[in-house]
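I set out to record what I looked up in this structure, entry by entry.

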Amino acid sequence: MLLETLARVSRDVAATSARSKKTALLAELFRAAAPEDVPVVVPYLSGRLPQGRIGIGWNLLRDAVPPAGTATLTVAGVDEALTRFAAVSGPGSRAERARLVRELMAAATEEEQHFLVGLLTGEVRQGALDALAAEGLAAAAGAAPADVRRAVMLGGSLTAVGRALLAEGPGALDGFALRVGRAVPPMLASPGRTLDEALAKLGPCAVEEKLDGIRVQVHRDGPEVRVFTRTLEEVTDRIPELVELARELPGDGFVLDGEVIAFGADGRPLPFQDVAGRVGSRVDVAAAREALPLSPVFFDVLAVGGASVLDLPYRERRLRLEELVPRTLRVRRAGEGATAARDFLARTLERGHEGVVLKALDAPYQAGRRGASWLKVKPVHTLDLVVLAAEWGHGRRTGKLSNLHLGALRPDGSFAMLGKTFKGLTDAMLEWQTERLRELAVSEDGYTVHVRPELVVEIAFDGIQRSTRYPEGVTLRFARVVRHREDKRAADANTVADVLASGPLRADD
């Protein structure tokens, strides 16, 4: 496929706000693509490089290169050129990298140059994220969108599913199923406003502790155990106590869903940052384990005996979990009835946990979805939002990126700004976020640094109010930063709909 075709579709997708039109444009693109193009086309549409970050910034692109008059670049050729660029190192690498960039840009037409600059600097913003690409692939191959989404969730990669779909047709989707040893995106809970409201909305449900730990997915196939985080990063070697425990459990061919947390000398849970630091440590794991042992708590099961149980209702999955995991390793649950649920929430908060999660008893496990059948209730409103930009601080914060521009996810994959905040940031958090946001920077005007929307922050707030200053007409009241959430991706952020559902609108600001 010519890069010009992809660049044109990217431009046209950016120019329309209608989801149906975006899907039609992407379907046309995929009909013209060869199966081997998919591993490049899909990430390019979402503004990603298959090679990851390769170090092409404005310093290498600021000198304009005359465009080519004829389109000859292919997406495969561009991918090969960027792979060569990423491999350059050692003496003379700066000059060689500059030469490779000039060579690539000289071979590109004006429209291709515009697309490449946006792609390489992280400024592709056409809203063609994976969800839209999956719908486009479904339309191109004559498959049901829901079947494609499920295959992606269970197969672990939109590119793998797309390549097979274009090569073999809808029948290829049958080959993508849950497999022990391959990570599956976890099911997520949506925010609930109050316990009573959540109980009324779900009907018969389980009420469980909401823990402030690291989400883990534990796979065991015979003696082999693999552990993944919610972002599907494998951390098996970093949590040896979890591997040992999984090998001692009865049964085989299972996948467990849960969290790891840590407790202090007083028996209360330690802060999330402590647990995240332990799981993130790759050096001297034995010493880290001794200094901060982790405790697993399981609350769901995805496979038993090598067979998927995703489609079973939660009440039946819970029975399977009880057969595998002893009570001491299972999440606490409330008794039946609203009174028992209220008492349980109060006790849970007294024990130092975040709140509760309510789960509809008849709901299947929706991998990778933030469904309406799981609702989380916490005493303080919090949302996971994405940093879109940050302003340089002043006074004691001079030299630090402080005031954060916060965005919520729109249905088309773009982000709507909801407001700004610099509250809640400690000196250590300021130091860390300044360094991280500099890595994500795409432009700066001397006052504000605009960044790729990748850093997720947990924001506490007191409610929402109408505001004409922001595109969705709402903003957050008294927003403050709780923590940075490196364990979450931008795609995991709360949506505009979540924001609007988080409370009654107050008067205009």
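**Entry: α2 and α8**

I looked up how helix α2 passes helix α8 and found a right-handed crossing, the term for a near helix turned clockwise from the far one by less than a right angle, left-handed being the anticlockwise case. Helices here are DSSP runs of H or I with at least four residues, strands are runs of E with at least two, and both are numbered from the N terminus. The model is predicted, so local features need pLDDT of at least 70 and side-chain atom pairs count only at pLDDT 80 or more, while totals for chains, interfaces and linings use all residues. Residues are numbered from 1 along each chain as its sequence is written, and side-chain values use heavy atoms, with hydrogens and water left out.

I noted that the axes of α2 (residues 19–32) and α8 (residues 130–141) come within 7 Å and cross at roughly 60°. That makes α2 oblique to α8; under 35 degrees counts as roughly parallel, over 145 as roughly antiparallel, 65 to 115 as roughly perpendicular and the rest as oblique. The axes are lines fitted to C-alpha atoms, for helices over the stretch in contact, and angles run from 0 to 180 degrees between N-to-C directions.

I then listed the contact (heavy atoms within 4.5 Å). On α2 it is made by residues including Arg19, Leu26 and Phe30, and on α8 by residues including Leu132, Glu135 and Leu137. By class, I recorded 9 nonpolar, 2 polar and 4 charged residues in the contact of α2 with α8. Ala, Val, Leu, Ile, Met, Phe, Trp, Tyr, Cys and Pro count as nonpolar, Asp, Glu, Lys and Arg as charged, and the others, Gly among them, as polar.

**Entry: α5 and α6**

I found helix α5 (residues 75–87) packed against helix α6 (residues 93–106) at an angle of about 170°, with the axes 10 Å apart. The two helices are therefore roughly antiparallel to each other. Val78, Ala81, Leu82, Arg84 and Phe85 of α5 meet Arg97, Leu100, Val101 and Leu104 of α6. This contact has 7 nonpolar, no polar and 2 charged residues.

**Entry: aromatic pairs**

How many aromatic pairs does the structure hold? I found 2, a pair being rings of Phe, Tyr or Trp (its six-membered ring) with centres within 6.5 Å; planes under 30 degrees apart count as stacked, over 60 as edge-to-face and the rest as tilted.

The ring centres of Tyr44 and Phe115 lie 6.5 Å apart with planes at 50°, so this pair is tilted. It links distant parts of the chain, with Tyr44 in helix α3 (residues 38–45) and Phe115 in helix α7 (residues 110–120), 71 residues apart. Tyr44 and Phe115 are both buried (under 20% relative accessible area, with exposed over 50% and partly exposed in between, for a 1.4 Å probe and protein chains only).

Tyr365 and Trp374 have ring centres 5.9 Å apart and planes at 85°, so the pair is edge-to-face. Both residues, Tyr365 and Trp374, are buried.

**Entry: loop residues**

Most residues other than glycine have a negative phi. I noted a positive phi near 70° at Leu232, in the loop between β4 (224–229) and α12 (240–248). Leu232 is partly exposed, with a relative accessible area of 26%. Asp284 has a positive phi near 50° and lies in the loop between α13 (272–280) and α14 (285–291).

I placed Leu361 in the loop between β8 (355–360) and β9 (370–377). Leu361 counts as buried at 17% relative accessibility.
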